[in-house]
Amino acid sequence: NLPGGVHRMSHDIDGLVQTSLNMGILKTTENEMQASFSIRSSVSSEKFMLMDMISCLMDNLGGYITNVGEYPAWEFKKESHLRDLMSEVFEEQYGYYLRCGKDRDNDHRQCKPVVNALHAGVECGLFSEKLPGLDCVSFGPAIYDIHTAKERLSIESVQRTWKFTLEVLKRLK
C-alpha cells in the first residue's frame, strides 16, 4: 500500500519530475517495521500533501510517522536576473572552449550553459525558504559518480567554476 516513485510531473517544464518519493531503508524487527522515505518536490504544497497521505495510511494501519531531515521546496522562477546574468557570463567565458557533444574530444562547437529545474533537496531551497523572493541558482564543478565510492571531481572544472563565480560577483556589484 505504500506509494513510491514519481507522483506528479510538472505542467510547466516538459520532462521535469515535480514530486516524488522513494523508500530508502526498510527495517523489520520482531515487533516493528520502519520505512524511511525521501520525499522531494519543487512545490511545497505537493510535498506536504504526500507526507499527509503517508501519515493517513500509517494511522489507518496503526502506525505513525516521524519527520526528520526535511528539505524545503525550491520552486522554479520563470524570470531570474541572476540566472540570465550567469548564462551570459558562462557563454562569454566558455562558450567556445568547452566540449559539449556526445563526442567531447572532437566537438568544439559553441556550448550554451545547461539550465535545468529539479526537485531534489538542495541548499537553494533552504535559503529561499528563509528569504522569500530570493533569486538563487545552484551550480558547481563537474562531479562524477555522485554519492558512490567512485565519486570524483574535475580539478579543471573547479578552476573554471572559481573564475566564473568571481566574474558573476563582479557584475553583481
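**View 1. Ser 42 and the residues it touches.** Leaving aside residues up to four places away in sequence, Ser 42 is in contact with Gln 18, Ala 73, Trp 74, Glu 75, Leu 118 and His 119. The model shown here is predicted. Ser 42 sits in the loop between S3 and H1. Ser 42 counts as buried because its relative accessibility is 8%, and buried means under 20%.

**View 2. The second largest pocket and its lining.** This pocket holds about 960 Å³ of space. Its lining is made up of 34 residues. Ala 35, Ser 36, Phe 37, Thr 66 and Asn 67 lie nearest the centre of the pocket. By type, the lining residues are 18 nonpolar, 12 polar and 4 charged.

**View 3. Strand S3 and helix H1 at the second largest pocket.** Strand S3 spans 33-41 and helix H1 spans 44-60. Each supplies at least two residues of the pocket lining. S3 gives the most, with 9 residues.

**View 4. Cys 136 and Cys 124.** The cysteine sulfur closest to that of Cys 136 belongs to Cys 124. The two sulfurs are 4.0 Å apart, so they are too far for a bond. A disulfide needs the sulfur atoms within 2.5 Å. By this rule the count is 0 disulfides. Cys 136 is buried, with a relative accessible area of 15%.

**View 5. Cys 56.** Is Cys 56 buried or partly exposed? Cys 56 counts as partly exposed because its relative accessibility is 46%. That class lies between buried, under 20%, and exposed, over 50%.

Conventions: Residues are numbered from 1 along each chain as its sequence is written. This is a predicted model: local features need pLDDT of at least 70, side-chain atom pairs count only at pLDDT 80 or more; totals for chains, interfaces and linings use all residues. Side-chain values use heavy atoms; hydrogens and water are left out. Buried means under 20% relative accessible area, exposed over 50%, partly exposed in between (1.4 Å probe, protein chains only). On a 1 Å grid over the protein atoms alone, a cavity is a set of points where a 1.4 Å probe fits but cannot get out, and a pocket is an open set with protein on both sides within 12 Å along at least five of seven lines; lining residues have an atom within 4 Å of a point. Grid points are joined across faces, edges and corners, and a volume is the space filled by probe spheres set on the points. Helices (H or I, at least four residues) and strands (E, at least two) are DSSP runs, numbered from the N terminus. Ala, Val, Leu, Ile, Met, Phe, Trp, Tyr, Cys and Pro count as nonpolar, Asp, Glu, Lys and Arg as charged, and the others, Gly among them, as polar. Contact means heavy atoms within 4.5 Å.
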